[in-house]
Amino acid sequence: MSLDVGVFCKSTLDGEVVDHCFSALFGLGQNADPSYLDWLMKAWGWTLAVAGLSLIIAIILGAFMGTLRTLPVTNGMNRVLVRFSTMWVELFRNIPILVQVFLWYHVIPAFILPLKALPSYWLVSIALGFFTSARIAEQVRAGIQALPSGQQMAATALGLTTFQSYRYIILPMALRIVIPPLTSECMNLVKNSSVAFAVSVPELTLFAMQAQEETSRGVEIYLAVTFLYALSAFTVNRVMSLIERRTRIPGFITASSDAVLAH
Amino acid sequence: MNIKLRSFVLACIGAVTIQNVCATSGTLDKIKSTGTVTMGVRESSIPMSYTTGDSRFDGYHVEVCRMILANIKDNLKLSTLRINYQPVTSQNRVPLVQNGTVDIECGTTTNNMARAKDVGFANTLYVEEVRIAVKANSGINSIDQLAGKKVATTTGTTSVQLLRKHEKANGVNFDEVFGKDHADSFLLLESGRADAFVMDGSILAGNIANSKNPKDYRIVGEVLSTEPIAIMVRKDDPEFKAAVNDAITKIVKNGNMPKLWNKWFLQPIPPKNIIVGLDLSPATKNAWANLNDKPAEDYQKK
């Protein structure tokens with residue numbers, strides 16, 4: 001089995017080798033016809049765009065729903081909110097992701113007509129974002145419930161309202177606790193974005209399926225795509241660990257072992 | 001322990017070698033000595049090669065192959081010939097023919113130069129034409145009218161590249177949408193997410209025939225590309241390929257082909273009694289008149 005990396009320098013139109021294979025990547029040259037490398041980079045861009053948009057949706061909704069689930073059931077309004085957020089989590093984590101993507105693409109627009117005008121990029125990001133938000137909500141709930149109950153009581157004793165105690169006391173602590181599981185969730189999102197191929201988003205998986213058929217060079221194509229997925233997920237991992245270190249408060253739960261050693 | 005392991009490894013190597021010997025010895029000898037033959041078939045390539053339920057297989061190419069094998073059976077003076085059906089996919093059909101699991105593959109394999117390096121192809125009896133399916137009330141009649149419109153096609157097919165080439169050559173722009181399989185692409189057309197579905201004519205006709213209202217769709221426009229679809233045999237067995245081609249010549253001479261076309265493409269076919277409704281193309285007619293095993297590359301030059 002010999003690898004032929006030259007396949008990436010071939011034109012996607014006639015299979016001939018293009019003039020600027022790598023220089024086109026850095027904007028130094030311009031190919032008359034796009035090469036498979038150009039296409040691969042474009043596909044990578046789509047993968048990152050889907051992952052990025054769904055991450056924004058997932059973190060906002062996830063933090064919100066996770067917080068709602070921990071509200072003290074002291075009045076009717078809170079009870080409704082707790083029920084609503086519980087339903088949200090159970091609905092979106094009990095349906096397989098591919099089925100959710102098809103629901104958003106084929107079924108829901110049939111009932112809510114304005115959604116038909118939305119490009120599939122948005123629909124698949126909503127599907128991925130909602131799916132992941134259910135998982136993030138559970139992690140946020142776990143983070144909040146991991147805090148000693150004295151924190152909430154102290155906030156109440158200081159005369160803070162429920163909103164204020166969450167905003168200034170509970171969430172700043174809880175969100176720091178959940179950064180490690182959030183890291184896995186963000187990395188998962190990069191990899192889960194591969195389902196977007198099923199609804200015609202031209203991302204890495206669609207590129208792999210199509211290009212290996214056209215070039216008969218499946219091994220090289222899949223190796224390149226695997227590398228880009230791994231690279232993207234690893235970059236997310238590094239960024240998250242940077243955030244984790246930057247937001248650390250020495251002496252609190254998130255101060256990890258090296259802080260303990262310093263004492 | 002070590003000795004046991006070594007003998008096990010040796011036995012495996014032995015088994016592999018024997019298998020190779022089997023694969024290279026004549027298919028005809030194998031058919032004669034065992035009285036069986038293995039036919040590679042597709043699960044859902046209506047009407048070329050598909051299952052009608054209960055592990056039974058039928059279709060245009062499957063029936064041709066049964067005729068070929070009946071002819072070979074007579075030539076070998078066998079009283080009975082048992083046909084085993086082995087379902088294959090686009091991914092495994094070439095390896096299965098190469099390693100001898102399948103003796104004759106009767107599916108929807110395009111005869112092209114890349115594949116001809118690994119396998120042999122019998123004379124072409126069906127020429128596929130890439131066409132456009134649209135909704136009957138859309139008013140679209142040719143590919144020129146598709147500029148700027150949404151065009152569906154299936155990921156992992158040559159049609160995707162074909163559309164790209166057409167865009168470049170004619171300076172037009174399609175808004176391409178990709179289905180993950182043919183049924184999905186057709187759904188895009190059905191639900192209005194795409195204005196047209198570009199794919200092999202028989203696949204379009206089969207999907208339209210299977211839809212809720214076949215009258216709502218039409219296959220229109222010029223032929224975008226032609227590809228010979230052929231029966232696949234092993235490359236290293238010219239004797240068997242010659243026997244298959246002789247049988248094909250006989251079947252064509254007896255005037256069976258128009259009858260077969262009528263049966264599979266124009267009449268109701270099992271299991272749901274749908275009518276594919278694809279008229280005989282001049283290219284296929286030409287292939288019957290001048291039997292040959294030219295690869296797809298030769299068709300593009302014309």
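**Chain A at a glance**

How many helices and strands does chain A have? Chain A has 10 helices and 0 strands. Helices (H or I, at least four residues) and strands (E, at least two) are DSSP runs, numbered from the N terminus. The model is predicted: local features need pLDDT of at least 70, side-chain atom pairs count only at pLDDT 80 or more, and totals for chains, interfaces and linings use all residues. Residues are numbered from 1 along each chain as its sequence is written, while chains are lettered from A and ligands numbered from 1 in the order in which they are written.

**Overall dimensions**

The C-alpha trace of chain A spans about 75 × 55 × 35 Å along its principal axes. Its radius of gyration is 23 Å, whereas a compact globule of 263 residues would have one near 18 Å. This radius is taken over C-alpha atoms, and the globule rule is 2.2 Å times the number of residues to the power 0.38.

Buried residues make up 33% of the 263 residues in chain A. A residue is buried if 20 or more other C-beta atoms lie within 10 Å of its own, exposed if 12 or fewer, and partly exposed in between; C-beta atoms are placed from the backbone.

**Helices α4 and α6**

How do two helices of chain A meet? Helix α4 (residues 120-146) and helix α6 (residues 162-177) of chain A have axes that come within 8 Å and cross at roughly 120°. Axes are lines fitted to C-alpha atoms, for helices over the stretch in contact, and angles run from 0 to 180 degrees between N-to-C directions. α4(A) and α6(A) are therefore oblique to each other. Angles under 35 degrees count as roughly parallel, over 145 as roughly antiparallel, 65 to 115 as roughly perpendicular and the rest as oblique.

α4(A) brings V140(A), G143(A), I144(A) and A146(A) to the contact, and α6(A) brings I170(A), A174(A), L175(A) and I177(A). Two residues are in contact if their C-beta atoms, placed from the backbone, lie within 7 Å.

**V190(A)**

V190(A) sits in helix α7 (residues 179-192) of chain A. V190(A) is buried, with 25 other C-beta atoms within 10 Å. Leaving aside neighbours within four places in sequence, V190(A) is in contact with A51(A), Y229(A), S232(A), A233(A) and V236(A).

**Where chain B touches chain A**

14 residues of chain B are in contact with 13 residues of chain A. On the chain B side, α6 (158-170) and β10 (175-179) are the elements that give two or more residues. α6(B) gives the most, with 5 residues.
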